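Hi,

Here is the structure I said I would pass on. Have a look at it first, and then read my notes below.

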Amino acid sequence: MENKVLLYGATGYTAQLVIEEMLKTGIKPILAGRSKTVESIGQKYSLQTRIFDLEDTNNIQKHIEDTMLVVN
């Protein structure tokens, strides 16, 4: 498994700060959240995105199973 990091809640102000700090250290997180706004943020930073809610545990598992760390 690659050392993939998924940042859930990527549309918030604090998440923007976290994204910038991760990028400074060479970490390219996968950005995730419930709204399509995640896609525009992903484009801004040239990062992968995933859109999903936290209602269905099977759906959550599908979106995080290939990651080493989830930051929320």
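Let's begin with S35, which counts as partly exposed because its relative accessibility is 31%. You'll find S35 in the loop between β2 (30–33) and α2 (37–45). Leaving aside residues up to four places away in sequence, S35 touches T11 and I51. E21 is another matter: 14 residues separate S35 and E21 along the chain, and their C-alpha atoms are 23 Å apart. Before going further, please keep in mind that this is a predicted model.

Next, the charged pairs. Side chains of opposite charge can pair when their charged atoms come close. The count here comes to 4 salt bridges, and I'll walk you through some of them.

One of them joins the side chains of D66 and K4, at 3.0 Å from N to O. That pair links distant parts of the chain, 62 residues apart: D66 is in the loop between α3 (57–64) and β4 (69–71), while K4 is in the segment before β1 (5–8). As for accessibility, D66 is partly exposed, with a relative accessible area of 26%, and K4 is partly exposed too, at 22%.

D66 also forms a salt bridge with R50, where the closest N and O atoms are 2.9 Å apart. Since D66 lies in the loop between α3 and β4 and R50 in strand β3 (residues 49–51), the pair ties together parts that are 16 residues apart in sequence. Through shared partners, salt bridges join K4, R50 and D66 into one network. Is R50 buried or exposed? R50 counts as buried, because its relative accessibility is 14% and the cut-off for buried is under 20%.

E21 is partly exposed, with a relative accessible area of 45%, whereas K24 is exposed at 64%.

Now for the rings. A pair of aromatic rings is described by the distance of the centres and the angle of the planes. The count is 1 aromatic pair. The ring centres of Y8 and F52 are 5.1 Å apart and the planes are at 55 degrees, so the pair is tilted. Y8 lies in strand β1 and F52 in the loop between β3 and α3, so this pair ties together parts that are 44 residues apart in sequence. Y8 counts as buried at 9% relative accessibility, and F52 counts as buried at 5%.

Last stop: helix α3. Which residues of α3 are buried? They are N59, I60 and H63. Looking down the axis of α3, you'd see these buried residues fall within an arc of 100 degrees, so they line one face of the helix. What do they pack against? The buried residues of α3 pack against β1 and β3. On the other side of α3, T57, N58 and K62 are exposed. At the start of α3, have a look at D56 as well: one of its side-chain oxygens reaches to within 3.0 Å of the backbone nitrogen of N58.

That's everything from me for now. Over to you!

Conventions:
Residues numbered from 1 in each chain as written. Predicted model: local features only at pLDDT ≥ 70, side-chain atom pairs only at ≥ 80, totals over all residues. Heavy atoms only, no water. Helix = DSSP H or I, 4+ residues; strand = E, 2+ residues; numbered from the N terminus. Buried < 20%, exposed > 50% of the residue type's maximum accessible area, 1.4 Å probe, protein only. Contact = heavy atoms within 4.5 Å. Phe/Tyr/Trp six-rings, centres within 6.5 Å; stacked < 30°, edge-to-face > 60°. Arc of directions from axis to C-beta. Polar contact = N/O pair within 3.5 Å; in protein donor to acceptor, adjacent residues only side chain to side chain.
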